[in-house]
Amino acid sequence: MQNAGLGVTCATPHRVEVMTDQAHAAHSELPGKPTAASRTTLSHIMTAGDTNLYGTVHGGVIMKLADDAAGAVAGRHSEGPAVTASMDEMVFLEPVRVGDLVHVKAQVNWTGRTSMEVGVRVLAERWNESTPATQVGSAYLVFTAIDEGGKPRSVPPVVPETDQDRRRYQEAQIRRTHRLARRRAIKDLRAARPAG
Ligand SMILES: CC(C)(COP(=O)(O)OP(=O)(O)OC[C@H]1O[C@@H](n2cnc3c(N)ncnc32)[C@H](O)[C@@H]1OP(=O)(O)O)[C@@H](O)C(=O)NCCC(=O)NCCS
C-alpha cells in the first residue's frame with residue numbers, strides 16, 4: 001500500500017521499555033501540541049471498483065484509507081514527513097457496501113520520542129440518506145517522523161485535552177508496552193534457538 005509518503009507495516013526490532021508520562025516528557029524539547037491541532041477526518045464514497053469477490057468493500061481499501069488519514073494526522077502533528085512503522089488491531093465490525101460514504105476519523109493518541117500512535121475510527125453512512133453513520137471499524141497505527149535522510153526525528157509531545165483523549169493516551173501506552181514486549185520476547189526466543 002502506498003500513499004503520499006506513507007505506507008504499510010514495516011517491522012524493526014526495538015528495546016522493551018515502559019514509557020511513563022514523565023519519561024516521555026523528558027524525551028522531547030519541542031513544545032507540546034494539543035490533540036485537536038492535528039485531528040483529521042477523511043471521507044470517501046465507495047464505488048464498484050472498491051469491492052471484493054463477495055460484492056462488499058475490500059478490507060484493503062479501508063486499510064488504505066486508514067493509513068491515508070493517519071498519515072495526514074502524523075504529518076500535521078510532527079510538521080514533516082512521517083512513515084508508517086506498524087498497523088495493528090485493525091478491526092472490521094460491519095461490512096461496507098458500494099454507495100456507503102465512509103468517514104475515517106484519526107487523531108494522535110500518544111507520542112514517544114520520534115513515534116506517534118494514531119487511532120483511527122471508521123464510520124459509514126449511505127451516501128444519499130440522512131440516517132446516522134455507524135462505526136464499521138477501527139485501527140491503531142504507529143508512525144515515525146523522519147528527516148531528509150530517512151532517520152527518525154523528534155516529535156512534539158501530544159497534549160491530551162479531554163478525558164477521552166487522556167484515556168486514549170493511557171491505553172496507547174499500554175499497547176506500546178505490549179508491542180515492544182512481544183517483539184523482545186520473540187527476538188529472544190529466536191536468538192536462543194539454533195539457526196535453521
Ligand atoms: C520506521 C523506521 C523509520 C524506524 O527506523 P529505526 O532505525 O528502526 O528507528 P528506531 O529503532 O530508532 O525507532 C524509531 C521510533 O519508531 C518506533 N518504531 C519503529 N518500528 C516500529 C514498529 N514496528 N512498531 C512500533 N513502533 C516502531 C520506535 O519505537 C521508535 O519510537 P520512539 O522514538 O518514539 O521511542 C524504519 O524502520 C523505516 O523507515 N521503516 C520503513 C517505513 C516505511 O517505508 N513505511 C511505509 C511502508 S513499508
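Predicted model: local features only at pLDDT ≥ 70, side-chain atom pairs only at ≥ 80, totals over all residues.
**A guided look at the sheet and its helices**

Visitor: What makes strand 3 and strand 6 a pair?

Guide: Two strands pair if at least two bridges are found between them. Strand 3 and strand 6 (residues 134-145) are joined by eight bridges, so they count as a pair, and they run antiparallel.

Visitor: In what order do the strands of the open sheet lie?

Guide: The five strands follow the order 2-4-5-6-3, and their pairing is antiparallel.

Visitor: Why are strand 2 and strand 3 called edge strands?

Guide: Strand 2 (40-45) and strand 3 (82-92) each pair on one side only, and therefore they are the edge strands. On average, neighbouring strands of this sheet are turned by 25 degrees against each other, direction ignored.

Visitor: How do you know that helix 2 packs on the sheet?

Guide: Contact requires C-beta atoms within 7 Å. Helix 2 (residues 59-78) touches strand 2, strand 3, strand 4, strand 5 and strand 6, so it is said to pack on the sheet. The direction of helix 2 makes about 130 degrees with that of strand 5.

Visitor: How do you know that the span of helix 3 agrees with its number of residues?

Guide: At 1.5 Å a residue, the 30 residues of helix 3 (residues 163-192) should span 44 Å; the end C-alpha atoms are 44 Å apart, so the two values agree.

Visitor: What makes Tyr169 of helix 3 a buried residue?

Guide: A residue is buried if 20 or more other C-beta atoms lie within 10 Å of its own. Tyr169 is among the buried residues of helix 3, as are Asp165 and Arg176. Their cover includes strand 4 (100-111) and strand 5 (115-126). Helix 3 lies across strand 4, strand 5 and strand 6, at about 75 degrees to strand 4.

How values were computed. Residues numbered from 1 in each chain as written. Helix = DSSP H or I, 4+ residues; strand = E, 2+ residues; numbered from the N terminus. Expected span 1.5 Å × (residues − 1). Buried ≥ 20, exposed ≤ 12 C-beta atoms within 10 Å, placed from the backbone. Contact = placed C-beta atoms within 7 Å. Axes fitted to C-alpha atoms, helices over the stretch in contact; angles between N-to-C directions.
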